[in-house]
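Dear colleague,

I am passing on a structure to you, together with some notes on what came out of going through it. Please have a look at it first and then read on.

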Number of protein chains: 2
Amino acid sequence: MKAEIITIGDEILIGQVVDTNSAWMGEQLNLYGIEVYQITSVHDNHDHILQAFADAEKRVDLVLITGGLGPTKDDITKKALCDFFDCGMVVNEQVLQHVTDMLSRRNVAINQLNKDQALVPEKCTVLHNAYGTAPGMWFERGGTIFVSMPGVPFEMKGLMNDQVLPRLRDTGKAKSIYHQTVLVYGIPESMLAEKIEAWELALPPFIKLAYLPNQLMIRLRLSAYGSDPELLRKEVNRQIETLRTIIPNHIFGYNGDTMAGVTGKLLVQAGAMVAVAESCTGGAISQLFTENPGSSVYFKGAVVAYSNETKTALLGVNTKTLQAHGAVSREVALEMAEGVKKALNTEYAIATTGIAGPDGGTEEKPVGTVCIAVSGQHQVWVERYTFAHNRERNILRSSQTAINMLRQLILTENTETI
Amino acid sequence: MKAEIITIGDEILIGQVVDTNSAWMGEQLNLYGIEVYQITSVHDNHDHILQAFADAEKRVDLVLITGGLGPTKDDITKKALCDFFDCGMVVNEQVLQHVTDMLSRRNVAINQLNKDQALVPEKCTVLHNAYGTAPGMWFERGGTIFVSMPGVPFEMKGLMNDQVLPRLRDTGKAKSIYHQTVLVYGIPESMLAEKIEAWELALPPFIKLAYLPNQLMIRLRLSAYGSDPELLRKEVNRQIETLRTIIPNHIFGYNGDTMAGVTGKLLVQAGAMVAVAESCTGGAISQLFTENPGSSVYFKGAVVAYSNETKTALLGVNTKTLQAHGAVSREVALEMAEGVKKALNTEYAIATTGIAGPDGGTEEKPVGTVCIAVSGQHQVWVERYTFAHNRERNILRSSQTAINMLRQLILTENTETI
């Protein structure tokens, strides 16, 4: 099955918005064995959109359209779809009810613009959008499927996951494919490539390996293509078992796992809770924990100590330690970790103190210098790192590294029980 | 002048790489008054690339091509350009010398693959690439300009700035254009559209309005096209002045501003600092403040109180208040704000307590119920909201709303001084 993605919106063409939707859709379709043949971004212009639909219909069997829906876009995509499929609009009662419900939950009175959201092309199948007011729309003609979705990323992703991908799977046109992604942290990409080179070369020809590094980890994706799904599953998992023996400490999870989520599970298994003292990470570690539903079971709280006064008053850091070693020091990191563990009465604690940048660096402690301490039930561990990146990346890398240190400490302290 | 951007590379279509090049080019061209009519991403495939060139030639006067150059891509773009312009390849001596120089500086011996970089289509004008070994190439035919550049972002940007944009300016075909983006918060999109409808309809025909909502705000972009840059600037700014009188409380900034950044500037002007007590937002408010360089001047710290015990121990929330009203209540939010203001010794404080979801909701307090308190030098302000979204959005909306409440409180308390 060959697909084309059409994104509609002036904001992409003038560069105000980076088109991250297409990359996400491309990755998902690829996982289902559907090849994205072309991505086309066009204006909020009726004739231009119609031309793009007609061109795509000649090229591919699946056209995924995002954007150009909603009152402020004057529903330009919906009108173009009506013209393209030669039909009128009808009110869809389910959509009208859904829009009314959503707005009343937000205490917003429905107006004509909202009501117009329930107007859909006669020839479409409506796809329920649980995340917003503009519905998804599915059309079929002469062997080509057209799907229209809103351009708001979380609405598009919700519709793809809930409605579009399951329906595409049901068409049976997708190839058999089996994917597993191994999540790796704490090793540079080039060193990882060297370490696993022999293993990679020995992979059977029907398994492909992809390196997918992002700011939070390196993802190693194994994709197996073939006719026997059970064989693919077995062989991929066998290869992953071998990989585990080569880099045991660097693999922290699989597929959609996150470092904080994995560490949270370890805390639950150990019957323990964590507290965090953040200086340079400024709340980022807390956020990485609390973005996981149910995190209150293992995450007790944090102190963001962005001034020496707060480090002393709330965490009990000794002013003498601050004077002797400076706020960015192993000694202060350690006192912050012990202080927050005591103040919040937990079994584990993390502390960070550093220079995120762009200013504040010195020759001895350049921008990116970060001291991280983790404290457990029997052990403590302090490290000094130099992350030579921009502010955003320094904060993210420090946070992820700190949680990884906690993960390793919990594993060390609980080898018997976990 | 109308342009099309063609990006060549499988990595974009399978979603391994987000196409940030096109957004950057779109923005630059726009600043030069060149309209990007379409963006097309195609495979590393000869026939597909040729077809894309032919289609683009019919649509626009300028085609900017990135990617598909260099040995690992088998120079597929260069070969397609030769076929498209019906010419052979020749060795360009300047490019050969440049490649040799670059490699010798890196102590790399030149091989045949490197030498092939100096082969260029006969009919092109070579554009010197100071940032890499693959040259830029400029073609003209029947009124349409084609430019090919490497896909590596910093090489493409260097070539655009040094060579392509100056040459395009010299063609004299560019229109004058002027953009301003107004940042709006705290009003649903449909209500905003109604409120400013009359103003929008009265805009002169050479000014276009675009709604660009994202999870953190609604951006209203005014774009003016014409021949007199000074007139465009004046008229856009005059229209924005009128808009300010219609929605004075909802406009919080312009162009690249952020809510936390704007609020930080107000704190600095008021000579004051803020402390934050976060329950349901779990560190997100702290992060929105601390992602700004220099935020330690106005952000003193935070307590992430993810358990009642922490709310009591660190923020001094009364256990009776917790029992009487529950953790998610206006009363607790207020005590949290007052508590963190006292503990961290600041002039201003923000507190949040709520149910981010997906679990924990009740009939009386459904998921998305959030109480937010802000406390200032003379006033306090508490609100209860219902954000009916998923966990991530509930956290983000609560955080942005809380900072917006602080912004409004600072403005109220300091009308004389700010």
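In what follows, Ala, Val, Leu, Ile, Met, Phe, Trp, Tyr, Cys and Pro count as nonpolar, Asp, Glu, Lys and Arg as charged, and the others, Gly among them, as polar. This is a predicted model, in which local features need pLDDT of at least 70 and side-chain atom pairs count only at pLDDT 80 or more, while totals for chains, interfaces and linings use all residues. Residues are numbered from 1 along each chain as its sequence is written, chains are lettered from A and ligands numbered from 1 in the order in which they are written, and side-chain values use heavy atoms, with hydrogens and water left out.

Searching the whole structure gives two cavities of 30 Å³ or more (a cavity being a set of points, on a 1 Å grid over the protein atoms alone, where a 1.4 Å probe fits but cannot get out, with lining residues having an atom within 4 Å of a point; a volume is the space filled by probe spheres set on the points, which are joined across faces, edges and corners).

The largest cavity has a volume of about 120 Å³, and of its 16 lining residues Asp19(A), Ser22(A), Ser41(A), Asp19(B) and Ser41(B) are the closest to its centre. Its lining comprises ten nonpolar, four polar and two charged residues.

The second largest cavity holds about 30 Å³ of space and is lined by Leu69(A), Gly70(A), Asp75(A), Lys78(A), Gln117(A), Ala134(A), Pro135(A) and Met137(A), of which four are nonpolar, two polar and two charged.

With best regards

Methods
On a 1 Å grid over the protein atoms alone, a cavity is a set of points where a 1.4 Å probe fits but cannot get out, and a pocket is an open set with protein on both sides within 12 Å along at least five of seven lines; lining residues have an atom within 4 Å of a point.
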